[in-house]
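Here is a friendly walk through one protein model, with an eye for side chains that meet. Keep the viewer open and follow along.

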Amino acid sequence: LFDYEKGVTKHFQTMISTNLIIHPAAIMTHGITNEILNNMEKDTYSNVINIIADDFKQTIHVAHNIAFDYSMIPDIQNEQSVSMDTLDFARKLYKIGDLNEDSMPLTSHKMQELRYWLKVDVDTMGFEAHRALADILVTAAVFHKMLDKFFELTRDKDATLNDLFEFLIPNPTLIELCTFKKYAGKTFKEAVEHCLRSGDNYFDWLLGKLKEDPKKNQDAIYTI
């Protein structure tokens with residue numbers, strides 16, 4: 001549980017027994033193998049849902065790419081659930097190519113990059129990155145930083161939750177700096193002008209690729 005004034009006020013983490021074979025790509029991310037699970041004390045999915053159910057009924061659900069979390073634990077979501085995606089929040093606040101205080105450009109909206117790009121100091125209590133509790137603590141700290149930025153932009157420390165949700169309504173904006181490999185470091189204007197002069201159809205190809213995930217790439221699609 002997270003409170004803006006108090007920070008993380010309550011947390012919970014456990015391993016859950018599963019009949020699924022963990023994919024190597026997932027193991028590469030979090031380091032948990034089926035062998036590790038087999039040799040650990042584990043809880044059941046239904047018991048975990050019972051433990052966290054009350055907290056999830058009374059709070060706003062916040063996660064980075066929250067659709068994935070709901071796909072893993074669908075029982076915490078219902079018609080009354082109110083959720084906020086920090087991935088959408090980050091995309092509204094920080095554009096790809098924005099520079100931090102060290103003049104380093106943002107290259108993605110991945111949580112770990114945001115953490116270090118924003119210079120967020122967070123105590124992960126010794127847990128490894130991509131374990132549930134470590135990711136929650138990092139997300140809470142970055143979310144707090146993003147709320148500070150939101151209050152700064154709106155110049156209103158008393159902004160309401162409705163103000164925040166209104167701010168998050170999708171509204172694509174122009175990106176100044178191109179970060180796509182072939183023209184990385186150039187402005188979009190320079191890159192497109194080069195393509196027009198040379199007859200390069202790179203941006204036609206790129207636009208097709210971006211439209212495979214329009215929500216994630218809405219600003220780049222709009223800019224092109």
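Which residue forms a salt bridge with Lys189? The partner is Glu193, and the closest N and O atoms of the two are 2.7 Å apart. Before going on, please note that this is a predicted model, in which local features need pLDDT of at least 70, side-chain atom pairs count only at pLDDT 80 or more, and totals for chains, interfaces and linings use all residues. Residues are numbered from 1 along each chain as its sequence is written, and side-chain values use heavy atoms, with hydrogens and water left out.

**Salt bridges**

A salt bridge here is a side-chain nitrogen of Lys or Arg within 4 Å of a carboxyl oxygen of Asp or Glu. By this rule the count comes to eight salt bridges. Three of them are set out below.

| Lys149 | Glu152 | 3.9 Å |

Lys189 and Glu193 are four residues apart in helix α9, so about one helical turn separates them. Lys149 and Glu152 sit three residues apart in helix α7, again separated by about one helical turn.

Lys189 counts as exposed at 58%, whereas Glu193 is partly exposed at 33%. Asp200 is partly exposed at 22%, and so is Lys182 at 48%.

**Aromatic rings**

Rings of Phe, Tyr and Trp (its six-membered ring) pair if their centres lie within 6.5 Å; planes under 30 degrees apart count as stacked, over 60 as edge-to-face and the rest as tilted. The structure holds 14 aromatic pairs. One of them is the edge-to-face pair of Phe89 and Phe150, at 6.4 Å centre to centre and 70° between the planes. Phe89 belongs to helix α5 (residues 86-93) and Phe150 to helix α7 (residues 132-154), so this pair ties together parts that are 61 residues apart in sequence. Both Phe89 and Phe150 are buried.

Tyr94 and Trp117 also pair edge-to-face, with 5.5 Å between centres and 75° between planes. Because Tyr94 lies in the loop between α5 and α6 (111-117) and Trp117 in α6, the pair ties together parts that are 23 residues apart in sequence. Tyr94 is buried at 6% relative accessible area, and Trp117 is buried at 9%.

Phe89 and Phe150 are also members of one aromatic cluster with Phe2, Tyr4, Phe143, Phe151 and Phe167. The charged end of Lys92 sits over the ring of Phe167, 5.6 Å from its centre (the rule asks for NZ of Lys or CZ of Arg within 6 Å of the ring centre and within 35 degrees of the ring normal).

**The nonpolar core**

In soluble globular proteins, nonpolar side chains tend to be buried together. A nonpolar core is defined as a set of buried Ala, Val, Leu, Ile, Met, Phe, Trp, Tyr and Cys residues joined through side-chain atoms within 4.5 Å. The largest one has 26 residues, of which Phe89, Tyr94, Val142 and Met146 touch the most other members. Helices α5, α6 and α7 each give two or more residues to this core, and the largest share, 10 residues, comes from α7.

Which residues surround Tyr94, leaving aside its neighbours within four places in sequence? Its contacts (heavy atoms within 4.5 Å) include Trp117, Met146 and Lys149.

Just after α7, Arg155 takes a positive phi of about 55°.

Val122 lies in the loop between α6 and α7 and is buried at 16% relative accessible area. Beyond its neighbours within four places in sequence, Val122 is in contact with Arg115, Leu137, Val138 and Ala141.

Note on methods
Buried means under 20% relative accessible area, exposed over 50%, partly exposed in between (1.4 Å probe, protein chains only).
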